[in-house]
Amino acid sequence: MKQLILLCAALLIGSVSYAQFQISASGGYAIGSAGMKTGETISTTQTENAYGSYGEGFNGQIRGTYFFNETFGADLSLGYLHGSDQTISEVNVPGTEIDAVARARAFGAAISLVYKFNNNIYGRLGALVKLGGKTEAVVSQKQTLSDGEAAAFGLDPGAYSQTNYVEDFHGQFPLGFVAAIGYEYPINDNFSVFAEAEYYGISLKRKDSELQEFNTNIVAADGTVAFEGFYSLDNLPEGRNKKTTYVDELSHTNTDDSKELAVKVPYSSFGINFGITYKFKGSSSKDM
């Protein structure tokens, strides 16, 4: 027992004698990895799947890293993802035109172990969580009215409805992992710059969604708006719900159309980051 206590004390003293803290800020761009189906593109001749990941896009991070010795450390990071547009639905057939995309606006955090291979090359491996944010869908739909529908509005054939809406999707609390390898170049005793390749492995199970904007105009064949705001967020068309809840099971007798089966959406990505690090002067046995 005495030897164990002495060993622990020696390790603690060794860690304290070297202890160094540093902060980093970085930015970069990630592309989707292991993309899953996000939607479809439909034309008069074919239907094509669209694949991607909501983790694709620009990101920024702030990290704090504490090194216990010359090799091992622990890292806590906070980040923001400004995701790129992913195709949900793209339809171009006679009478119907749809352009629907979705993109992530998310905040996340990660805690990792850091290992220095040498003074320049390092690696990180840890756990990743999403703290907040949303997946935002932006939809534009043009639907030609039948002659009877146009006549009911007192319009000539060729009239159409133009619907635009924004819907925010929220997910359940996810847990993923992060791995990175980087190269650090010291500028002086305190500052250094770095570049790193980083992988995020995470998916998000949908919890609910809510319409943020909704508007339908009835437009004449010549492009003149005949009835502005025919439908709105406070006056939705039949079958359209302001809020939708996603569940794992639905009874065959269910009549609540505000509930749908839950799906998982991909956020995994592979990216390149560039940043700068500031190292606080730590205590070191070399300085004593």
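Ser 268 is found in the loop between strand S16 (264–266) and strand S17 (269–279), where helices (H or I, at least four residues) and strands (E, at least two) are DSSP runs numbered from the N terminus. This is a predicted model, in which local features need pLDDT of at least 70 and side-chain atom pairs count only at pLDDT 80 or more, while totals for chains, interfaces and linings use all residues. Residues are numbered from 1 along each chain as its sequence is written, and side-chain values use heavy atoms, with hydrogens and water left out.

**Overall form and confidence**

- The protein has two helices and 17 strands, and its C-alpha atoms fill a box of roughly 90 × 45 × 35 Å along the principal axes.
- The radius of gyration, taken over C-alpha atoms, is 27 Å, whereas a compact globule of 288 residues would have a value near 19 Å; the globule rule is 2.2 Å times the number of residues to the power 0.38.
- Among contacts (heavy atoms within 4.5 Å) between residues at least 6 apart in sequence, 70% join residues at least 24 apart.
- Buried residues make up 39% of the 288 residues; buried means under 20% relative accessible area, exposed means over 50%, and partly exposed lies in between, with a 1.4 Å probe and protein chains only.
- The mean pLDDT, which is the predictor's confidence in each residue from 0 to 100, is 90 for the protein, and 91% of its residues reach 70 or more.
- Over residues 1–17 the pLDDT stays under 50, and the model has six contacts beyond four places in sequence for them.
- The pLDDT is also below 50 over residues 283–288, a stretch with nine contacts in the model beyond near neighbours in sequence.

**Surroundings of Ser 268**

- Ser 268 is buried, because its relative accessible area is 12%.
- Leaving aside neighbours within four places in sequence, Ser 268 is in contact with Ile 31, Gly 32, Ser 33, Ser 53, Gly 55, Tyr 199, Tyr 200, Gly 201 and Ile 202.

**Nonpolar cores**

- A nonpolar core is a set of buried Ala, Val, Leu, Ile, Met, Phe, Trp, Tyr and Cys residues joined through side-chain atoms within 4.5 Å; in the largest one, which has 14 residues, Tyr 54, Ala 104, Val 265 and Tyr 267 touch the most other members.
- Strand S7 (96–116) and strand S8 (121–144) are the elements that give two or more residues to this core, and S7 gives the most, with three residues.
- Ala 104 touches Tyr 54, Leu 81, His 82, Gly 83, Lys 134, Thr 135 and Tyr 267, not counting residues up to four places away in sequence.

**Aromatic rings and charges over them**

- The structure holds 15 aromatic pairs; rings of Phe, Tyr and Trp (its six-membered ring) pair if their centres lie within 6.5 Å, and planes under 30 degrees apart count as stacked, over 60 as edge-to-face and the rest as tilted.
- The pair of Phe 153 and Phe 227 is tilted, because the ring centres are 5.4 Å apart and the planes stand at 50°.
- This pair links distant parts of the chain, 74 residues apart, with Phe 153 in the loop between helix H2 (147–152) and strand S9 (160–171) and Phe 227 in strand S13 (residues 225–232).
- Phe 153 also pairs with Phe 230, and here the centres are 5.2 Å apart and the planes at 80°, so the pair is edge-to-face.
- Since Phe 230 lies in strand S13 and Phe 153 in the loop between H2 and S9, this second pair ties together parts that are 77 residues apart in sequence.
- Phe 153 is partly exposed at 23% relative accessibility, as is Phe 227 with a relative accessible area of 35%, and Phe 230 is partly exposed at 31%.
- One aromatic cluster is formed by Phe 21, Phe 191, Tyr 278 and Phe 280.
- A charge sits over a ring if NZ of Lys or CZ of Arg is within 6 Å of the ring centre and within 35 degrees of the ring normal; Lys 116 lies over the face of Phe 67 at 4.4 Å from the ring centre, and the charged end of Arg 206 sits over the ring of Phe 169, 4.2 Å from its centre.

- Ser 146 has its place in the loop between S8 and H2 and is partly exposed, with a relative accessible area of 38%.
- The C-alpha atoms of Ser 146 and Gly 60 are separated by 49 Å, and the two residues are 86 residues apart along the chain.
- Asp 147 is found in helix H2 and is exposed, with a relative accessible area of 53%.
- Asp 147 and Ala 159 are 12 residues apart in sequence and 8.4 Å apart in space, C-alpha to C-alpha.
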